[in-house]
Amino acid sequence: MSPLPRWLGRANRLVLNRVMGLVAPRLPGFAVLTHVGRRSGREHSAVVNIFRAGPGYRVALTYGREADWVRNVLAAGGCWITTRGRRVELAEPRLVHDPTVAWAPPLVRELLGLLDVPDSLSFTIRPPRG
């Protein structure tokens with residue numbers, strides 16, 4: 001089950017993501033996450049709220065663990081993000097269920113608690129190739 005309704009996700013994809021896609025790559029706390037479709041093999045992008053978590057990053061799954069982008073990232077074993085103007089390769093995606101959302105900053109923790117979003121995706125940073 002998705003914490004936020006699927007229709008809201010579709011509306012966001014059509015409207016808000018187009019606008020946010022222009023500013024999210026530079027705003028703190030946001031990123032454009034790019035992944036490869038598990039069936040189509042095509043690149044897709046999603047605007048996400050992203051947080052540093054130790055040596056990696058974490059994304060709250062506000063549309064649930066069954067969102068297409070989550071399934072694509074898990075199937076591919078990683079993705080890349082553009083955040084604060086730079087590209088970062090992410091690896092080892094791991095679903096984490098934590099009803100306390102202890103990893104999140106206090107204000108975000110409150111909001112995720114109100115929205116009942118206990119799941120997140122945790123990543124390590126893939127070292128540069130070469």
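A salt bridge is a side-chain nitrogen of Lys or Arg within 4 Å of a carboxyl oxygen of Asp or Glu. By this rule, the count here comes to 5 salt bridges. You are looking at a predicted model, where local features need pLDDT of at least 70, side-chain atom pairs count only at pLDDT 80 or more, and totals for chains, interfaces and linings use all residues. Residues are numbered from 1 along each chain as its sequence is written, and side-chain values use heavy atoms, with hydrogens and water left out.

**First stop.** Select Arg38 and Asp68, whose side chains meet in a salt bridge (3.5 Å, N to O). Arg38 lies in the loop between β1 (30–36) and β2 (43–53) and Asp68 in helix α2 (residues 68–76), so the pair ties together parts that are 30 residues apart in sequence. Helices (H or I, at least four residues) and strands (E, at least two) are DSSP runs, numbered from the N terminus.

**Next stop.** Shared partners join Arg38, Asp68 and Arg71 into one network.

**Last stop.** Now select Arg65 and Asp119, a salt bridge with closest N and O atoms 3.4 Å apart. Arg65 lies in the loop between β3 (56–60) and α2, and Asp119 in strand β6 (residues 119–125), so this pair ties together parts 54 residues apart in sequence. Is Asp119 buried or exposed? Asp119 is buried, at 13% relative accessible area (buried means under 20%, exposed over 50%, partly exposed in between, with a 1.4 Å probe and protein chains only). Arg65, at 31% relative accessibility, counts as partly exposed.
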